[in-house]
Amino acid sequence: QVQLVESGGGLVQAGGSLRLSCAASGRTFSSYTMGWFRQAPGKERDFVAAITWSSRTYYADSVKGRFTISRDNAKNTVYLQMNSLKPEDTAVYYCAADVRGTGTDWMGRYWGQGTQVTVSS
């Protein structure tokens, strides 16, 4: 069992930056592929980014070049650095552990509660 707690969300103007953090419990954190997903009002939850145990990264096309996922296994934490934010990035962002998938089809096994990111125009 893995417990995930996200932090770092908030309100930011378009063009600004935020860094999300996800602290994980459990001794197997370093072996999991970790990921970030987001869900805008009235829409389905979408894949944003994933990072494997060896730090190989994957991104949705909509965030490539703007968002960076990273992890610190010593701290059991995964991060999402979000730059050049746009109003369409507004969503609840969820951290997930034991993420699997390919292309645009990804799913996590364990989920955090989510953190709100709001980008104003």
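Student: Cys22, buried or exposed?
Tutor: Cys22 counts as buried, at 0% relative accessibility. Buried means under 20% relative accessible area, exposed over 50% and partly exposed in between, with a 1.4 Å probe and protein chains only.

Student: Before we go on, what kind of model is this?
Tutor: This is a predicted model, where local features need pLDDT of at least 70 and side-chain atom pairs count only at pLDDT 80 or more, while totals for chains, interfaces and linings use all residues. Residues are numbered from 1 along each chain as its sequence is written, and side-chain values use heavy atoms, with hydrogens and water left out.

Student: OK, back to Cys22. Which residue does Cys22 form a disulfide with?
Tutor: Cys95, with the two sulfur atoms 2.1 Å apart. A disulfide here is a pair of cysteine sulfur atoms within 2.5 Å. The link is left-handed, with -80° about the S-S bond.

Student: Which parts does the pair tie together?
Tutor: Cys22 sits in strand 3 (residues 18–24) and Cys95 in strand 9 (residues 91–97), so the pair ties together parts 73 residues apart in sequence. Strands are DSSP runs (E, at least two residues), numbered from the N terminus.

Student: And Cys95, buried or exposed?
Tutor: Cys95 counts as buried, at 0% relative accessibility.

Student: How many disulfides does the structure hold?
Tutor: The structure holds one.

Student: New topic: where does Thr33 lie?
Tutor: Thr33 lies in the loop between strand 3 and strand 4 (34–39). Thr33 is buried, with a relative accessible area of 16%.

Student: What does Thr33 touch?
Tutor: Not counting residues up to four places away in sequence, its contacts (heavy atoms within 4.5 Å) include Ala50, Trp53, Arg71 and Asp98.

Student: Now salt bridges. How many does the structure hold?
Tutor: Five. A salt bridge means a side-chain nitrogen of Lys or Arg within 4 Å of a carboxyl oxygen of Asp or Glu.

Student: Which residue meets Asp98 in a salt bridge at 3.2 Å, N to O?
Tutor: Arg100. Asp98 is buried, with a relative accessible area of 9%, whereas Arg100 counts as exposed at 59%. Asp98 also forms a salt bridge with Arg109, the closest N and O atoms being 3.6 Å apart.

Student: Where does Arg109 lie?
Tutor: Arg109 lies in the loop between strand 11 (105–107) and strand 12 (110–111), and Asp98 in the loop between strand 9 and strand 10 (100–102), so the pair ties together parts 11 residues apart in sequence. Arg109 is exposed, with a relative accessible area of 55%.

Terms used. Helices (H or I, at least four residues) and strands (E, at least two) are DSSP runs, numbered from the N terminus.
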